[in-house]
Amino acid sequence: MTAALFSRGKGRRAATAACAVSLGLVATLSACDKPTPLATVTVGSKTVTTEAAKDCYKKGEIVAKSEKQVAACLSKKPEQSLSVSPGEKVRVGVDPKIADSGWVVISEAQGVVNGQTNKTYRSLDSDTLFEQRNPQTGQTTTLDSVTLVVVETGEGNGIKGAWPIKLTRDA
């Protein structure tokens with residue numbers, strides 16, 4: 001009889017512990033901020049996916065209107081990076097929420113690459129992404145690394161989000 005009571009007590013303690021863990025997990029997950037839409041960059045077989053830079057996304061609303069605010073979002077340090085060999089294609093994909101609003105890719109070397117689109121995917125030439133042209137002399141230099149920023153534009157002035165990713169050129 002003692003063995004039966006001991007087993008039942010052990011089972012109750014286990015069930016209580018399991019419930020406590022489950023409730024803690026539910027509370028933790030419901031308290032978390034909803035993740036931002038994602039931007040994905042693929043080079044060959046390597047892929048990185050990133051959320052918007054800190055303070056540069058607010059549920060599809062304009063987060064940066066002034067030149068200073070936009071520049072702050074565009075200069076955020078990328079958390080993700082990829083290496084790129086010469087001649088490889090860089091494929092950029094965005095969440096449909098970003099595509100519906102409209103988006104551009106901005107390269108620190110070239111500025112806006114290929115203009116605004118509402119498609120979820122864009123393919124870019126890596127050799128061009130690493131080229132920087134001197135506006136005074138017209139000479140082109142090849143950079144070792146470049147930061148691409150996927151920018152959700154929307155309508156009107158300002159931006160709705162910024163997703164920076166660093167590309168490093170393989171020798």
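Strands E10 (residues 145-152) and E11 pair in the antiparallel sense over 8 bridges; two strands pair if DSSP finds at least two bridges between them. Within that pairing, Val 151 has Ala 162 of E11 as its bridge partner. E11 also pairs with strand E3 (residues 81-84), in the parallel sense, over 4 bridges. There, Val 84 stands opposite Arg 169 in E11. Strands (E, at least two residues) and helices (H or I, at least four) are DSSP runs, numbered from the N terminus.

A word on the source. This is a predicted model, where local features need pLDDT of at least 70, side-chain atom pairs count only at pLDDT 80 or more, and totals for chains, interfaces and linings use all residues. Residues are numbered from 1 along each chain as its sequence is written, and side-chain values use heavy atoms, with hydrogens and water left out.

Now the aromatic rings. Searching the whole structure gives 1 aromatic pair. The rings are Tyr 57 and Trp 163, tilted, at 5.8 Å centre to centre and 55° between the planes. Tyr 57 sits in the loop between strand E2 (46-50) and helix H2 (67-74), and Trp 163 in strand E11 (residues 161-169), so the pair ties together parts 106 residues apart in sequence. For the cut-offs, rings of Phe, Tyr and Trp (its six-membered ring) pair if their centres lie within 6.5 Å; planes under 30 degrees apart are stacked, over 60 edge-to-face, and the rest tilted.

Is Trp 163 buried or exposed? Trp 163 is buried, at a relative accessible area of 0%, where buried means under 20%, exposed over 50% and partly exposed in between, with a 1.4 Å probe and protein chains only.
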